[in-house]
Amino acid sequence: MSHWRSVLRDVERSIYAEQVFCSYVTQMTFLPQFKDQPALRTVHRENYETSYHRNTAAGNLHRLSQLDGDELLVLMTVECFIETRKHDNTALTALRQVTASDSMGMQLLEHAFYWHDKRKHYLKRATRKLYARIGPELWQKGVALAE
């Protein structure tokens with residue numbers, strides 16, 4: 001299996017976890033106990049960013065698995081990983097401020113934290129594999145795109 005496909009597999013796992021996480025967060029936005037919490041609105045808004053960057057990274061990796069050696073796609077993928085991590089962290093900070101007033105709400109929050117951790121875990125694995133594949137010099141060029 002190409003290195004790109006291995007990275008892509010972890011990104012796809014991160015996307016799956018993102019999908020479930022987004023489902024929980026969206027459900028919470030419709031429930032009265034969560035409805036007026038600004039922190040939950042922040043999480044919901046950040047999900048648009050995290051989804052966009054994860055999906056763009058996956059698209060880049062699909063293309064790289066067929067066009068091995070396209071440096072710009074590699075750099076864009078690094079940039080996507082960095083942006084995703086930044087928005088994941090913003091979402092986590094906000095998620096920690098969300099409060100639940102009953103056992104159902106606490107269970108929803110618990111599941112949201114679980115799936116958030118999963119989406120970050122697989123992104124971290126993908127990041128380590130990509131870094132190992134491209135090395136520090138190319139990685140830094142990708143970092144520069146995110147700044």
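The model is predicted. Helix 1 spans residues 3-29 and packs against helix 5, residues 103-146. Helix 4 covers residues 71-95.

**Packing of helix 1 and helix 5**

- Two packed helices are described by the angle between their axes and the distance between the axes.
- For helix 1 and helix 5, the angle is about 160° and the axes lie 8 Å apart.
- Angles over 145 degrees count as roughly antiparallel, so helix 1 and helix 5 are roughly antiparallel to each other.
- The crossing of helix 1 and helix 5 is left-handed.
- The residues of this contact divide into 18 nonpolar, 6 polar and 9 charged.

**Ser-14 in helix 1**

- Ser-14 sits in helix 1.
- Ser-14 counts as buried because its relative accessibility is 0%, and buried means under 20%.
- The Ser-14 side chain reaches the backbone oxygen of Arg-119 at 2.7 Å.

**Helix 4**

- Helix 4 has 25 residues.
- From first C-alpha to last, helix 4 reaches 36 Å, close to the 36 Å expected at 1.5 Å a residue.
- At the start of helix 4, a side-chain oxygen of Asp-70 comes to within 3.2 Å of the backbone nitrogen of Leu-72.

**Val-74 in helix 4**

- Val-74 belongs to helix 4.
- With 4% relative accessibility, Val-74 therefore counts as buried.
- Val-74 and Met-104 are 30 residues apart along the chain, and their C-alpha atoms are separated by 43 Å.

Notes. Residues are numbered from 1 along each chain as its sequence is written. This is a predicted model: local features need pLDDT of at least 70, side-chain atom pairs count only at pLDDT 80 or more; totals for chains, interfaces and linings use all residues. Side-chain values use heavy atoms; hydrogens and water are left out. Axes are lines fitted to C-alpha atoms, for helices over the stretch in contact, and angles run from 0 to 180 degrees between N-to-C directions. Helices (H or I, at least four residues) and strands (E, at least two) are DSSP runs, numbered from the N terminus. Angles under 35 degrees count as roughly parallel, over 145 as roughly antiparallel, 65 to 115 as roughly perpendicular and the rest as oblique. A crossing is left-handed if the near helix is turned anticlockwise from the far one by less than a right angle, and right-handed if clockwise. Ala, Val, Leu, Ile, Met, Phe, Trp, Tyr, Cys and Pro count as nonpolar, Asp, Glu, Lys and Arg as charged, and the others, Gly among them, as polar. The expected span of a helix is 1.5 Å times one less than its number of residues. A polar contact is a pair of N or O atoms within 3.5 Å; within protein, one must be able to donate a hydrogen and the other to accept it, and residues adjacent in sequence count only if both atoms are side-chain atoms. Buried means under 20% relative accessible area, exposed over 50%, partly exposed in between (1.4 Å probe, protein chains only).
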